[in-house]
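Subject: Handover of a structure

Dear colleague,

Please find below the structure that I am handing over to you.

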Amino acid sequence: MTADRDEILQAVSSAVLAVTRHLSVREVLQVIVRSAQRLLDARYAALGVPDDDGSFAEFVAEGLTDKQWKAIGPLPRQHGMLGAMLRDGAPVRLDDLRADPRFEWWPKAHPVMRDFLGVPIRDGEKVLGIIFLANKRTPGAGFTQADQELLTLFAAHAAIALANARLYESGRELAMLEERNRMARELHDAVTQKLFSLRLSAQAARTMLAKDPGRADAELERVQRLAGEALAELRAVIVELRPAELDRHGLAETLRKHVRLLDRLHPPALSFAGEELPPLEPAVEVAVLRVAQEALHNALRHAEAATVAVRLAYEGGKLVLTVRDDGVGFEQADPRGLGLVSMRDRAEAVGGVLAVESAPGAGTTVRVEVGG
């Protein structure tokens, strides 16, 4: 029994350490769910963070495929058992969730759940979220009182990690806002001065054009130079701008949300497959996201595809992005107009390599490798 207890405590310790290594709220939620699922050998695990509008601000789950998630539809509201747990703030352990009077209904595509264990994640009197497990994998076994105590212990540690992640994320967002304000001031000071000088030079050239063509030509050269400098200033600032979504959610989740949005707006069936990534340089995240967005834009605008698949993985020490469509393809000898030069420049700027495979009628695959 002592050996079993030591093993359980080690598992809890490892899980909590895994949580504290992740600093974004979304990452913390995902690690909490995966750790709880492994600790208690559950088929399904989920965690919901409530918002103030009767729904959930965040909801992550393990045990469901992307296809199942898509079929289930919108995130759950705060009704049924989830709503009851939010109101009561107490653990719930059931042999059959469907037999409980607090259970209401599931969407049609929702998996059938039987034995159920739910525990609130609390910060003092406030319920930060609910973690719940369903369908113990051991045949014929449901969740026990010992399981409930273990999940309660884990939830107490997870609450600390989640609160710390929120504090860190708030501080990072404040720093990001301050940096954006600084960049806006620099943009205003540098570019406004250039544009003002450019306007004066253009007016001077226009005045001298008839009387002194030589001086007018010199002023026009000055206009051209100032316009180039202003454009360079703009580009320098724009390159520094980092999408706020990357700071909140990380590369994989930002790209997943982008693909999900495009899937709702465009006829082709878009899919995303991604995995948890190690920490990445900010410039790498921005470059890979922009390449993915450009490749998706090309596929949706030009490919006439039925399906577009996006995959993000870490293989052999390299970050690998693949965007593949089954559309009309193109002659690789003439890549103009498809943004391939821009994508290649972005990849190479962070030490990456971009490869494009396409042929008429054979679809297109864009692949980026960074690192290694």
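**The chain as a whole**

Among contacts in the chain between residues at least 6 apart in sequence, 63% join residues at least 24 apart; contact means heavy atoms within 4.5 Å. This is a predicted model, in which local features need pLDDT of at least 70 and side-chain atom pairs count only at pLDDT 80 or more, while totals for chains, interfaces and linings use all residues. Residues are numbered from 1 along each chain as its sequence is written, and side-chain values use heavy atoms, with hydrogens and water left out.

The secondary structure comes to nine helices and 10 strands. Helices (H or I, at least four residues) and strands (E, at least two) are DSSP runs, numbered from the N terminus. Of the 372 residues of the chain, 41% count as buried; buried means under 20% relative accessible area, exposed over 50%, and partly exposed in between (1.4 Å probe, protein chains only).

**The cores**

A nonpolar core is a set of buried Ala, Val, Leu, Ile, Met, Phe, Trp, Tyr and Cys residues joined through side-chain atoms within 4.5 Å. The largest one holds 35 residues, of which Leu 312 and Leu 321 touch the most other members. Among the elements that each supply at least two residues of this core are helix 7 (244-265), helix 8 (282-302), strand 7 (307-315) and strand 8 (318-325). Helix 8 gives the most, with nine residues. Apart from this core lies another, of 26 residues, including Ile 32, Val 60, Val 119 and Leu 151.

Leaving aside neighbours within four places in sequence, the residues in contact with Leu 312 include Leu 251, Phe 272, Val 288 and Leu 321.

Five strands form an open sheet with mixed pairing, in the order 6-7-8-10-9. Two strands pair if DSSP finds at least two bridges between them. Strand 6 and strand 9 are the edge strands, each pairing on one side only. Neighbouring strands of this sheet are turned by 10° against each other on average, direction ignored. Axes are lines fitted to C-alpha atoms, for helices over the stretch in contact, and angles run from 0 to 180 degrees between N-to-C directions.

Helix 8 packs on the sheet, touching strand 6, strand 7, strand 8, strand 9 and strand 10, and its direction makes about 10° with that of strand 8. Helix 9 lies across strand 9 and strand 10, running at about 150° to strand 9.

Strand 9 and strand 10 pair in the antiparallel sense over seven bridges. Gly 352 has Val 370 as its bridge partner in strand 10, and Leu 354 has Val 368. These two strands form a hairpin with five residues between them, and Gly 361 in the turn has a positive phi of about 80°.

**Helix 4**

Helix 4 (residues 80-88) is mostly covered, with seven of its nine residues buried. Among the buried residues are Met 81, Leu 82 and Met 85. Their cover includes strand 1 (42-50) and strand 4 (116-123). Just after helix 4, Gly 89 takes a positive phi of about 65°.

Yours sincerely
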